[in-house]
Amino acid sequence: MLRIAVPNKGALSEPASALLQEAGYRQRRQSRELVLVDAENQVEFFFIRPRDVAIYVGTGTVDVGITGRDLLLDSRADAVEHLPLGFARSTFKFAAPAGTMTTLEDLRGKRIATSYDHLVRMTLDKRNIEAKVVHLDGAVESSVRLGVADAVADVVETGSTLRAAGLETFGETLLESEAVLICRAGQEPDGLQILDRRLRGVLTARAYVMLDYDVPAKHLEEAADIARGIQSPTISNLHDNGWYAVRIMVPRDSMNATMDKLYDAGARGIVVTPIFASRL
């Protein structure tokens with residue numbers, strides 16, 4: 001039975017459970033549940049703190065887990081990224097009071113508050129920058145105002161929390177983070193391939209839609225060239241001679257532009273339908 005660690009709270013928790021549910025797995029109904037056995041799918045879910053997921057995976061206590069790329073790298077656990085999951089995207093940046101710092105060189109000799117000690121230390125060491133790293137659990141935005149630090153290093157989604165504290169980001173982005181599926185380094189547990197296929201199927205279904213349209217024979221090739229689908233369009237004869245029905249998958253974020261082009265090329269009866277799952 002495949003043992004899967006799932007974040008029990010925070011920004012990763014609900015999207016992770018939603019993804020797994022769309023992939024056909026049972027998920028907990030109450031937040032107090034810490035363990036859930038899905039016997040039908042031969043998996044067992046453990047709901048644990050997001051920061052601890054990589055540690056449990058790295059020690060082999062569980063087989064795989066969902067966590068943030070930032071948390072994985074900061075953990076120093078014996079675990080590796082297996083599959084990016086496309087949600088909870090954020091950037092890892094340094095921030096300081098507005099107008100006080102512009103480059104990472106400005107951090108020399110300064111105090112930096114963060115919950116990501118290892119990531120910050122790796123970044124500083126790589127640039128031979130001597131600075132004091134001040135570990136804080138949770139929010140770090142108030143540390144400068146309270147005199148604990150001169151700058152902070154944290155995961156940034158919109159930046160609104162930093163701006164509210166009078167801070168602004170500076171320097172290059174240190175890490176692009178998102179939710180990832182992780183496993184132990186050098187190991188592929190039984191059942192991972194099925195989980196991988198299911199998750200990829202959901203991610204594809206979220207990224208694509210099914211597009212159907214009718215087109216006269218004289219415009220078929222022009223319309224087909226606009227969008228070829230995953231492999232090639234599915235084309236069928238209509239009852240009326242000289243017309244064809246075409247079905248393709250197109251990226252969700254470009255579906256309206258594709259519909260406009262198809263209409264201009266002579267296609268009619270253009271219909272878009274969602275995809276709930278896929279295997280490509």
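**Exercise 1. Determine how strand 1 and strand 3 are joined, and which residue of strand 3 partners Ala5.**

Step 1. Strand 1 (residues 2-7) and strand 3 (residues 43-48) run parallel and are joined by 6 bridges, where strands are DSSP runs (E, at least two residues; helices are H or I, at least four), numbered from the N terminus, and two strands count as paired if DSSP finds at least two bridges between them.

Step 2. Within this pairing, the bridge partner of Ala5 is Phe46 of strand 3.

Before going on, note that the model is predicted, so that local features need pLDDT of at least 70 and side-chain atom pairs count only at pLDDT 80 or more, whereas totals for chains, interfaces and linings use all residues. Residues are numbered from 1 along each chain as its sequence is written, and side-chain values use heavy atoms, with hydrogens and water left out.

**Exercise 2. Give the strand order of the open sheet of 6 strands, identify its edges, and describe the helices that pack on the sheet.**

Step 1. The order is 2-3-1-4-11-5, and the pairing is mixed.

Step 2. Strand 2 (35-38) and strand 5 (79-84) have a single partner strand each and therefore stand at the edges, with one side of each left without a neighbour in the sheet.

Step 3. Neighbouring strands are turned against each other by 30° on average, direction ignored; axes are lines fitted to C-alpha atoms, for helices over the stretch in contact, and angles run from 0 to 180 degrees between N-to-C directions.

Step 4. Helix 1 (residues 13-22) touches strand 1, strand 3 and strand 4 (64-68), and its direction makes about 145° with that of strand 1, contact meaning heavy atoms within 4.5 Å.

Step 5. Helix 6 touches strand 1, strand 4, strand 5 and strand 11 (179-184), its direction making about 40° with that of strand 5.

**Exercise 3. Describe the hairpin of strand 13 and strand 14.**

Step 1. Strand 13 (residues 234-237) pairs with strand 14 (residues 243-251) in the antiparallel sense over 4 bridges, and Ser236 stands opposite Ala245.

Step 2. The hairpin has 5 residues between its strands, and Gly242 in the turn has a positive phi of about 90°.
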